[in-house]
Amino acid sequence: MLFAHPVGGSLLAYQPLVARLTDLRCLGLEASQRTFFDGGAAGSIQELARRYVGGFGTDHPTIDVICGWSFGGALAWEIACLLGERGERPKVVLLDSTWARGEVPVWTPAEALQGFLQDALSVGGRDVQVVADTHEEAAAALDMDLKTFGERLEIFAHNRRILCEWRPTPGALDVVSVRAAESNTSDWRTATTGGVHDHDLPGDHYTLLADAGTVAAIEQIIRDDRPAATGGPGAAGEQVGESDAADLHASLAKLVDTPHWRELVIRARRMDPDAIAEAYRELGRRGLLTPDWPREAGGSGLPTRLAIELFEGFCSTGLPDLVYALTVQIVGNFVLKSGSDRLKRELLPRISRGEEFATVLYSEPRAGSDLAALRTKAERRGDRYVLNGVKVFSIYSDISGSALVSARTGQGGNKYDGITLFVIDLAADGVSVELVETLQRERMCRVRLQDVEVESWRRVGDEGRGWALLDGALAIERTGIDHVVRAARWLGALRGTTGRVPGLERLEGQVECATTLARTATEVFLQADVKAIDTAVAKLYTSETCQQVGHEVLRRWSTLGTAPGVDDLVGEELFSGLTESPGLTLSAGTSEMMLSTISADLKEEHSRRCLGILHHFGGDLVDTVLDVLGPVGAGVKVEPLFAHSPARRGALARTLADLGFDRIERPEDEGGLGLGLPVGCAISLSTGYLGYENAYRSCALQGGGAEADDEEALHHDCDAPACRLRHAAYVLGLGIGLFHSAWEHASTREQFGQNLVAFDALMFPLIRGYAELSALGVRLHEIAENLADMDDGVVRRFELVEQDALVRVIRAAMQVLGAQGITEWSVASRFYMKCAQNIGWLDREGTVAIG
Ligand SMILES: Cc1cc2nc3c(=O)[nH]c(=O)nc-3n(C[C@H](O)[C@H](O)[C@H](O)COP(=O)(O)OP(=O)(O)OC[C@H]3O[C@@H](n4cnc5c(N)ncnc54)[C@H](O)[C@@H]3O)c2cc1C
């Protein structure tokens with residue numbers, strides 16, 4: 001935060017205020033004889049501002065807020081306008097700052113002496129009238145030595161002169177104008193086309209900064225009106241976080257709920273660069289882009305979940321989401337994690353303020369999926385590198401200021417060695433960007449790098465070790481959060497145009513699963529050791545889900561495209577659904593690459609990954625359930641208990657009751673443990689996974705219900721959402737169990753001299769099934785935790801998605817198992833029959849399976 005000196009040139013007046021802002025980095029401009037005389041006295045406030053800004057150099061600290069009282073306000077405004085020309089956009093806080101609206105009398109030397117004396121006394125908090133005829137008398141009254149007094153007087157008299165002649169430079173910055181009730185006031189709306197927030201406080205021009213009450217009010221105004229980048233009151237404690245979160249949500253709601261925002265969004269969707277820039281700048285100015293980044297990077301240190309909510313909020317209005325995904329999520333987060341201090345300092349605050357976009361330059365004409373085949377060279381010359389090469393298919397490079405580039409700095413033992421990452425300045429000499437026409441509106445570019453000089457602080461990570469970092473960078477790209485906001489928008493547009501046609505309900509449920517998965521992956525990705533596998537499932541599932549919504553648009557395009565009276569924004573959504581869906585499963589790693597990544601991981605640890613889906617409901621709990629039931633399971637497997645059998649279900653129910661499971665969900669005041677539905681779902685899931693009967697029927701077992709050996713009660717259909725959800729959990733468990741059996745088989749069965757897991761054509765459908773089971777697991781957990789707050793249809797939509805996915809999982813698993821899978825004695829055939837008996841019930845309104 002920067003303070004500009006008032007007319008007397010001293011910063012003393014700000015002392016009480018600055019004392020309350022110790023958590024902010026406050027800098028001040030104080031006038032000295034040197035600045036006054038260097039090059040002669042400045043002829044205007046504009047000229048004075050230019051001198052100060054010229055002195056900042058290019059490396060000056062980021063100024064988020066510039067504040068000035070009285071003359072200082074005028075100076076602050078002019079400095080802010082100059083910073084605005086450089087693309088910076090500080091918040092301007094003007095404290096009782098006004099300008100002359102008529103003739104201003106020219107002072108005689110005696111009047112100047114008296115004026116200065118009175119001003120200095122008032123600034124010093126001395127509300128007395130002192131008359132002085134000479135410099136000596138005045139200096140003595142102010143307790144100043146004569147030399148200092150003479151210098152200050154000269155500065156004062158000169159500044160007063162230029163203030164009298166000053167008219168504010170017209171600008172577009174937002175202004176916070178704090179006015180003293182007893183002062184003359186000017187309306188800053190006549191000076192800026194930006195927003196003006198007026199705050200009128202009691203008192204006069206001098207008490208404004210001297211009275212403890214008004215100073216506290218000003219402090220609050222600065223904090224409330226500050227961009228998030230400047231930090232908040234104290235550390236990000238839980239309470240502060242909550243109120244900041246509410247403020248940010250309110251700020252977003254206010255911003256997007258205007259015709260101007262809608263018009264901006266429509267223009268942005270039609271790729272008007274000015275509209276994209278304006279929209280993101282406004283989001284940045286309000287601290288909505290990176291609330292989860294640390295303060296020094298321009299954020300507010302708030303939880304990542306809040307950042308995701310805000311992102312979903314502004315992108316749901318239709319704003320192009322890839323700008324954010326590339327700039328903040330991919331490049332910004334990557335630099336935050338791995339960039340040099342200088343790179344972080346230079347780039348992140350600008351991204352945070354929405355002033356700079358960034359893009360990714362990985363792909364090359366001969367390097368697509370096989371990224372390590374890249375040929376762009378970076379040659380080290382002293383403290384810099386020289387880059388040469390051609391990058392293709394890069395989105396928004398024409399409107400971005402920076403780009404994350406992969407280049408070869410050497411040739412190691414294998415093609416993955418010798419790759420280095422840089423963040424380059426796209427305005428540097430030697431960079432040329434051409435637009436490439438594509439099906440979709442999003443701007444795709446070819447970027448040529450010819451002898452582009454890049455300083456070494458722009459290198460990310462060690463030279464030649466970029467591949468290891470890329471694993472993390474690619475993981476960040478693949479959370480799918482951008483896909484789910486798009487899918488939701490397209491679905492909304494479809495629904496709005498076609499009504500609730502068949503098929504949309506399941507797609508809605510699938511988008512809900514994808515959304516939960518993407519949110520979870522996004523929260524995970526900032527962990528230090530995130531790997532491509534951690535987000536590959538999310539990328540695969542979200543992009544394919546979004547593509548399915550796009551395919552729904554494609555199927556109906558001949559009628560949708562010509563539907564009369566379609567709203568502009570809805571039309572844009574449908575058009576993007578049609579044109580962007582093919583690219584979704586290619587960009588940021590193709591579906592086949594995701595399947596290969598997941599495959600490599602499953603080959604290593606498929607059992608752990610299967611358990612991982614269950615562990616989402618609580619690792620210890622699930623392990624206990626599996627441990628406790630395991631021995632029974634062994635017994636179950638020797639007898640063909642997988643087949644539907646009421647007697648065996650009754651037997652298992654009694655076992656569960658003996659083990660005390662019927663008390664788990666029962667409320668504490670009814671003698672239960674009150675552990676809730678997620679725990680109940682974990683039990684159902686585990687029994688399904690083990691291939692048991694669906695015997696955990698909480699509502700049948702609980703107090704007031706039947707006893708465990710009451711067959712009839714165990715069989716009664718219950719359509720309560722919680723019961724249906726437990727049943728869905730059981731079915732999901734069966735699916736995971738079947739998947740596990742199939743993978744075990746493929747890991748040991750050899751054909752053509754290799755295990756079946758080596759055959760992608762066979763395994764990819766099963767791996768896709770694994771991704772679907774993972775997404776269902778995450779979503780099921782979320783529903784179980786929040787069922788009471790969710791709409792009535794949520795369980796039904798989940799059931800529809802689950803049934804649809806399970807059919808594919810079963811098909812893929814049975815195919816992997818070969819003929820052995822259909823034999824009566826195989827575990828798989830019993831899972832198959834159990835699935836058949838149970839999933840059929842899922843789409844029957846109001847009924848739950850009893851098998
Ligand atoms: C909308 C969009 C935005 C993009 N944005 C960017 C960007 O900002 N920056 C950037 O650098 N790049 C970007 N790309 C490029 C993207 O990264 C590449 O499209 C992707 O890496 C695939 O490369 P490719 O298109 O050359 O296909 P290829 O690698 O040639 O592959 C063609 C097909 O073959 C499959 N295939 C390839 N190898 C195998 C294998 N071993 N096994 C099985 N199947 C295989 C692929 O999955 C794909 O289906 C974007 C692409 C799209 C569509």
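**Close-up views of the model**

**View 1. Arg 448 in its strand.** Arg 448 sits in strand β13, residues 444-455. Strands here are DSSP E runs of at least two residues and helices are H or I runs of at least four, all numbered from the N terminus. This is a predicted model, where local features need pLDDT of at least 70, side-chain atom pairs count only at pLDDT 80 or more, and totals for chains, interfaces and linings use all residues. Residue numbers run from 1 along each chain as its sequence is written. Arg 448 counts as partly exposed because it has 14 C-beta neighbours inside 10 Å. (Buried means 20 or more other C-beta atoms within 10 Å of a residue's own, exposed means 12 or fewer, and partly exposed is in between, with C-beta atoms placed from the backbone.) Leaving out residues up to four places away in sequence, Arg 448 touches Val 390 and Ser 432; a contact is a pair of C-beta atoms, placed from the backbone, within 7 Å. Look also for Asn 388: 60 residues away in sequence, its C-alpha is 7.7 Å from that of Arg 448.

**View 2. The whole chain, for orientation.** The protein chain has 29 helices and 16 strands. Of its 851 residues, 49% are buried. Take the contacts with a separation of 6 or more, and 74% of them join residues 24 or more positions apart.

**View 3. Around the ligand.** Which residues are closest to the ligand? They are Gly 368, Ser 369, Gly 583, Ser 587 and Thr 590, out of 16 that surround it. (To be near, a residue needs its C-beta atom, placed from the backbone, within 6 Å of the molecule.) β7 (358-361), β9 (384-395) and α20 (591-615) are the elements that each put two or more residues into this shell. Sorted by class, the shell holds 7 nonpolar, 8 polar and 1 charged residues. Ala, Val, Leu, Ile, Met, Phe, Trp, Tyr, Cys and Pro count as nonpolar, Asp, Glu, Lys and Arg as charged, and the others, Gly among them, as polar. Domain 3 (358-465) and domain 4 (481-589) each supply at least three residues to the shell, with bounds taken from an automatic or database domain assignment.

**View 4. Nonpolar cores and Leu 738.** The largest nonpolar core takes in 176 residues, and Leu 404, Phe 422, Val 423, Leu 738, Phe 739, Ala 742 and Ala 813 have the most contacts inside it. Helix α26 (residues 721-748) is the top contributor, giving 15 residues. A separate, second core of 61 residues includes Ala 4, Ile 63, Ala 80 and Ile 162. (A core is a set of buried Ala, Val, Leu, Ile, Met, Phe, Trp, Tyr and Cys residues joined through C-beta atoms within 7 Å.) Zoom in on Leu 738 and, with neighbours within four places in sequence set aside, its contacts are Val 809, Ile 810, Ala 813, Ala 828, Phe 831 and Cys 835.

**View 5. Val 92 and its surroundings.** Val 92 belongs to strand β4, residues 91-95. Is Val 92 buried or exposed? It counts as buried, because 28 C-beta neighbours lie inside 10 Å. Not counting residues up to four places away in sequence, Val 92 touches Ile 66, Ala 76, Trp 77, Ala 80, Leu 173, Asp 174, Val 175 and Val 176. Ile 222 is 130 residues away along the chain, with 9.6 Å between its C-alpha atom and that of Val 92.

**View 6. Ser 70, a positive phi in a loop.** Ser 70 falls in the loop between β3 (65-69) and α4 (71-85). Its phi is near 60°, a positive value in a residue other than glycine. Ser 70 is buried, because it has 26 C-beta neighbours inside 10 Å.

**View 7. Helix α11 and both its ends.** Met 271 has a positive phi of about 70° although it is not a glycine, and with 17 other C-beta atoms within 10 Å, it is partly exposed. Helix α11 (residues 273-285) has 13 residues, so at 1.5 Å a residue it should span 18 Å, which agrees with the 18 Å between its end C-alpha atoms. (The expected span is 1.5 Å times one less than the number of residues.) Buried residues in α11 are Ile 276, Ala 279, Tyr 280, Glu 282, Leu 283, Gly 284 and Arg 285. Just after α11, Gly 287 has a positive phi of about 75°.

**View 8. Pro 678 in a helix.** Pro 678 is part of helix α23, residues 677-690. It counts as buried, because 22 C-beta neighbours lie inside 10 Å. Apart from residues up to four places away in sequence, Pro 678 touches Phe 617, His 781, Ala 784 and Glu 785. Ala 729 is 51 residues from Pro 678 in sequence and 9.7 Å from it in space, C-alpha to C-alpha.

Conventions: Two residues are in contact if their C-beta atoms, placed from the backbone, lie within 7 Å.
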